[in-house]
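Thanks for coming, everyone. Let's take a quick tour of charged pairs and one annotated site. Please have a look at the screen.

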Amino acid sequence: MEKGVLFIALLISAFYSSSEAADSQTSFEDNFSIMWSEDHFKTSEDGQTWYLSLDKETGCGFQTKQRYRFGWFSMKLKLVGGDSAGVVTAYYMCSENGAGPERDELDFEFLGNRTGQPYLIQTNVYKNGVGGREMRHMLWFDPTEEFHSYSILWNNHQIVFFVDEVPIRVFKNNGDEKNDFFPSEKPMYLFSSIWNADEWATRGGLEKTDWERAPFVSSYKDFSVEGCQWEDPYPACVSSTTKNWWDQYKAWRLSDSQKMDYAWVQRSLVIYDYCKDNERYPKLPGECSLSPWE
């Protein structure tokens, strides 16, 4: 996995140079706005670590002030510790402020657990309001003990979900602008939230949230974005993205070392893949035929 991390670092340092790409800053006020329940949001004394809390009354969430179309988006999270059954921490990109019927969306969702059980990470991809493209993975570490980075690489060729620079999911485009599965046209905000989902999140809803353990707190720091910041009616960086490392040839497919990491993830950590759910999809969605290796 170390080679995969080195590849990302070298790729960023070698190719990232564009005045059109968004500046990376860690100040919360520079980048984000609170979506709801501001009294459930706190920061560390230095302002560099942010905390969202959930109690029986409400959760909390924030979103970027800017929209982006393509780029590299990363945040370090430390998840709710202890008994977190029923609690979902979401970290995602979406083209709309709400769950609109025509939204595009890229999801990380962290599904809470009973003490001692593994955290599950669920990813999903929506285009024009249609999702149903879930994958679930186990993690190879305890995400409640320390911070880990969760990142999305998004260009017109692929979407890759990373955990600590290890690619856990690759979602490819087929080059057809009119396909019904690859979100590429709509700029997206980045969001995070914590909320109660005990009707489905833990063991299909069998495990309910233990409110005596509230508040449940998720922690964030080191937000980083290197992407095409949207400007109406159409930013120049969208039509010239090959100036940026995140849409140059090397970012269109996995490197050899990333392929090794990805193969390990596929062998060891995948517990659900909608492309292998023939009962749910007797006819598999068209994107399932695209190879993540090419």
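**Salt bridges and an annotated asparagine**

Eleven salt bridges are found in this structure. Keep in mind that the model is predicted.

Start with K76 and D222. Their side chains form a salt bridge, 3.5 Å from N to O. The two are 146 residues apart: K76 is in strand β5, residues 68-78, and D222 is in strand β14, residues 216-229. K76 is partly exposed at 32% relative accessible area. D222 is partly exposed too, at 32%.

Next, R114. Which side chain meets R114 at 2.7 Å, N to O? That is D83, in a salt bridge. D83 sits in the loop between β5 and β6, R114 in the loop between β7 and β8, so the bridge ties together parts 31 residues apart in sequence. D83 is buried, at 10%. R114 is partly exposed, at 23%.

R114 also has a salt bridge with E207, at 2.9 Å, N to O. E207 is in the loop between β13 and β14, 93 residues from R114. Is E207 buried or exposed? Buried, because its relative accessible area is 17%, and the cut-off for buried is under 20%.

Now put these together. A network of salt bridges links D83, R114, E207, D210 and R213.

Last stop: N113. The UniProt record, an unreviewed entry, annotates N113 as a glycosylation site. N113 lies in the loop between β7 and β8. In this model N113 counts as buried, with 7% relative accessibility. Beyond its sequence neighbours within four places, its contacts include D83, Y119 and T202.

Note on methods:
Residues are numbered from 1 along each chain as its sequence is written. This is a predicted model: local features need pLDDT of at least 70, side-chain atom pairs count only at pLDDT 80 or more; totals for chains, interfaces and linings use all residues. Side-chain values use heavy atoms; hydrogens and water are left out. UniProt positions are given in the numbering used here, feature names are shortened, and annotations may be inferred rather than shown by experiment. Helices (H or I, at least four residues) and strands (E, at least two) are DSSP runs, numbered from the N terminus. Buried means under 20% relative accessible area, exposed over 50%, partly exposed in between (1.4 Å probe, protein chains only). Contact means heavy atoms within 4.5 Å. A salt bridge is a side-chain nitrogen of Lys or Arg within 4 Å of a carboxyl oxygen of Asp or Glu.
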